[in-house]
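This report is meant for a reader who is meeting the structure for the first time.

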Amino acid sequence: MKIILAEDNDILRKSLSFFLESKGFTVDQFSDGKDALDAIEANHYDLILTDINMPGISGMEITQYVRQNINSNVPIIILTSSGVEQTELDSFDIGANEFIAKPVSPAVLLVRINKLLNTRV
Amino acid sequence: MNDKFPIPENEVERLAALRRYNILDTLPDTAFDDATKLVSYICGVPIAHISFIDENRQWFKSEIGIGISEVPREITFCRYTILESAMVEINDTFLNERFKDDPNVTGGFNVRFYAGVPLTTPDGYNIGTICAVDHVAKKLDENQRNALSIVAKHVMAQLELGTKNIELDAQKKIAERAVLAKDRFLANMSHEIRTPLNAIIGFTDLLAQTHLDEIQSEYIDNVQIAGENLLLIINDILDLSKIESGNLTIDSEPFNLRKTLKHVYNLLKVKVLNDVEFNLYLDADMPDMVMGDQGRLNQILVNLVGNALKFTTEGEVTVSVKKTDETDEDYSLRFSVKDSGIGIEKNKLKTIFDRFTQAEESTTRRFGGTGLGLNIVKQLIDLHNAEIHVKSQQGRGSEFFFTLTYKKADSSQIAAKTSSSNNLGELKILLCEDNILNQKLAKSVINNFGFELDIANNGEEGIELLTENKYDLVLMDLQMPIKDGYQTTEYIRNEMKMNIPIVAMTAHSLVGEQERCFSVGMDAYVPKPFKQATLLKAIKTAMNKENEPKSGRRLDLSFLEEMSCGDEDFKKEMIQIFVDRIPEQVTQLQTVFNQDDADAVKRLAHNMKSSLDIFMLTDLSSYVSTIEEEASLGRLTSEIKDKIDLLHCGIEDAVKILKEL
């Protein structure tokens with residue numbers, strides 16, 4: 001399974017990648033939203049995991065673009081740090097499948113990812 | 001005055017007496033209730049009460065069978081009883097002219113029998129009654145009457161006791177307040193006196209170390225001696241107040257007894273007159289090292305020997321120490337200070353240990369001194385659980401002696417003590433002190449030690465400097481404007497989470513202060529005026545504590561463990577990124593804050609949050625959340641500045657710990 005991870009905090013991004021890779025996923029990681037979106041257009045991913053606030057393009061914009069422009073229904077999990085309800089609602093509105101509030105619990109993340117991937121199969 | 005009830009002749013005084021007891025409308029009291037029950041038992045009556053009668057009512061302090069708390073004075077039987085000096089007994093109210101038509105006889109309480117004893121104050125006023133009442137006619141026998149009178153007396157005694165207790169309580173409060181006021185006065189005075197004295201002694205010390213000609217040296221010597229004497233007197237007074245308040249304790253630290261005795265001998269040898277022989281005799285099998293309070297032994301001996309030398313113009317003064325007993329745990333040592341001086345009259349022997357008394361009225365004029373010395377010596381020896389004795393003959397001399405028991409020092413304790421005197425290298429020290437003279441003095445002394453010193457004029461400046469620079473140690477004055485030493489230390493420990501050693505410096509050395517310093521998180525304590533050696537020792541103590549693995553911040557790496565699935569190399573890599581990146585980000589944060597760039601502050605804070613979360617630095621994470629929130633509203637407030645400062649310190653600590661991993 002191939003996951004793309006967009007997150008601008010190096011330590012978090014590297015940690016999440018390392019964690020997911022040790023759980024058997026292939027992870028492409030990007031710290032810039034624009035680079036991530038380019039990669040999504042160019043490759044096939046089974047799941048998108050993205051932060052909201054990033055340089056370049058935000059996680060919201062990526063989600064919107066994937067749903068509306070690429071017309072893909074690939075599962076998208078948004079990482080939110082705001083803890084603001086509206087952001088979470090917006091995430092669903094624009095077509096995200098899950099949101100996870102930071103700090104992200106690796107175990108919870110794993111469960112959510114597996115759930116999304118299994119329901120698709 | 002009125003026709004409803006008879007007024008006693010002394011009514012005004014009687015009411016005043018009643019009011020003195022403050023008994024009206026008080027809550028029930030078992031002592032009175034028991035007395036009422038007793039009356040009911042003794043007289044075999046269903047109704048009994050203890051009551052007090054004021055201008056217009058009878059109020060029941062305690063009652064059985066009445067069920068109300070007061071009745072108008074005009075309907076009471078007792079309005080007549082308080083006119084009498086003895087018990088009033090009405091065996092059958094139906095046969096009594098005065099009462100046979102009383103509403104409470106024909107109806108109401110249906111009183112057939114009444115016995116009442118006036119409650120008479122020691123000064124002779126009938127303020128109330130104790131009564132037995134029945135619905136049937138009755139006659140008390142001799143014993144019952146006696147018993148009723150006795151209970152009345154006891155009730156009065158109980159009342160007296162209550163008022164005396166209240167008075168005593170009030171007096172006690174006054175006394176306690178007076179003691180507190182005295183303590184505070186002493187503390188303040190000692191501060192006021194010690195602060196300038198600190199400067200005088202300190203600068204004299206420094207001046208004495210410069211190049212001086214002979215006359216100048218002599219002058220400086222005199223200033224030094226006078227300063228030290230003044231300090232001794234102040235210390236005496238402070239010691240006394242500490243002993244009084246129970247705040248002086250006897251240490252138990254290993255020390256070299258022989259050296260201490262020789263030190264005292266050398267110290268006082270310079271004061272010995274030509275015609276006096278000054279000897280120190282030490283028992284050959286006396287131990288070298290013992291556990292005890294070196295400073296206090298010093299003080300006792302200096303006092304006693306000082307006195308002996310003062311009152312001896314010819315002959316000899318001999319200090320001798322002898323081992324009198326030895327067990328597995330301790331040594332008993334007999335100390336004696338003997339002189340061939342003026343001696344003490346027999347009738348003065350008892351009072352010489354009292355405060356402010358000297359054997360001769362004229363002593364103070366002839367020999368000086370505060371009259372406190374021997375009193376302190378006695379109390380210090382008492383605190384050692386020992387006793388001081390004196391033998392003296394007028395004109396022949398005196399001997400003061402006492403036996404102290406010291407625990408044996410084991411070799412590990414001795415080793416621990418000697419190894420702690422290691423070299424400190426070059427330290428960078430921050431001084432928080434508002435007094436300019438003391439700043440200068442501390443600066444010279446600290447520079448003499450070879451350390452570097454920065455000065456903050458108050459606690460707030462100190463905190464600012466601490467966030468900007470790196471220091472090895474803080475010297476903290478306790479009384480400062482804006483933020484005092486306690487507040488500053490609390491801030492450093494609790495908000496900044498720094499475990500930098502802090503040494504308290506205070507001219508305020510009184511009651512419980514040292515404990516308070518330690519309880520807010522300081523590491524050592526130096527009373528002012530400070531001696532250079534004492535200060536150095538305190539710095540060493542504090543620095544050695546620092547070396548112990550006692551960190552204010554603990555890192556929780558469990559989150560990182562989970563992420564890394566137990567991979568050590570990956571964990572190290574993440575730690576390295578944190579160590580490399582985060583302090584730099586804090587610096588950036590400070591920079592963009594100073595540039596008023598709210599947007600950049602927000603972005604940086606946001607980015608840092610995840611990193612801090614991974615290392616579970618929850619307090620620091622909450623700081624960046626606050627910073628982010630405030631900055632996203634476009635507000636670069638002083639709160640953000642505070643949080644950035646706190647962040648800076650917290651990160652510094654965390655990085656230090658991570659680097660050591």
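In this predicted model, helices α18(B) and α21(B) cross in a left-handed manner. Helix α18 of chain B covers residues 568-594 and helix α21 of chain B covers residues 638-660, and their axes come within 10 Å of each other while crossing at roughly 160 degrees. Since angles over 145 degrees count as roughly antiparallel, α18(B) is therefore described as roughly antiparallel to α21(B). On the side of α18(B), the residues that make the contact include B:Ile575, B:Phe578, B:Val579 and B:Ile582, and on the side of α21(B) they include B:Ile644, B:Leu647, B:His648 and B:Ile651. Sorted by class, the contact of these two helices has 14 nonpolar, two polar and two charged residues.

Chain A has 121 residues, of which 42% are buried. Its secondary structure comes to five helices and five strands, and from the N terminus on these elements follow the order β-α-β-α-β-α-β-α-β-α. Among the contacts in chain A between residues at least 6 apart in sequence, 52% join residues that are at least 24 apart.

The five strands of an open sheet in chain A are arranged in the order β2-β1-β3-β4-β5, with parallel pairing. At its edges are β2(A) and β5(A), each of which pairs on one side only, and neighbouring strands of the sheet are turned by 20 degrees against each other on average, when direction is ignored. Strand β4(A), residues 76-80, pairs with β5(A) in the parallel sense over four bridges, and in β5(A) the residue A:Glu98 is the bridge partner of A:Ile77. Helix α1(A) lies across β1(A) and β2(A), and runs at about 170 degrees to β2(A).

Where the two chains meet, 15 residues of chain A are in contact with 16 residues of chain B. Helix α1(A), residues 10-22, gives the most to the side of chain A that touches chain B, with eight residues. The table compares the classes found in the two contacts described above.

| α18(B) with α21(B) | 14 residues | two residues | two residues |

Terms used: Residues numbered from 1 in each chain as written. Chains lettered and ligands numbered in written order. Predicted model: local features only at pLDDT ≥ 70, side-chain atom pairs only at ≥ 80, totals over all residues. Contact = placed C-beta atoms within 7 Å. Helix = DSSP H or I, 4+ residues; strand = E, 2+ residues; numbered from the N terminus. Buried ≥ 20, exposed ≤ 12 C-beta atoms within 10 Å, placed from the backbone. Axes fitted to C-alpha atoms, helices over the stretch in contact; angles between N-to-C directions. Parallel < 35°, antiparallel > 145°, perpendicular 65-115°, else oblique. Left-handed = near helix turned anticlockwise from the far one by under 90°. Nonpolar A, V, L, I, M, F, W, Y, C, P; charged D, E, K, R; others polar. Pairing = 2+ DSSP bridges.
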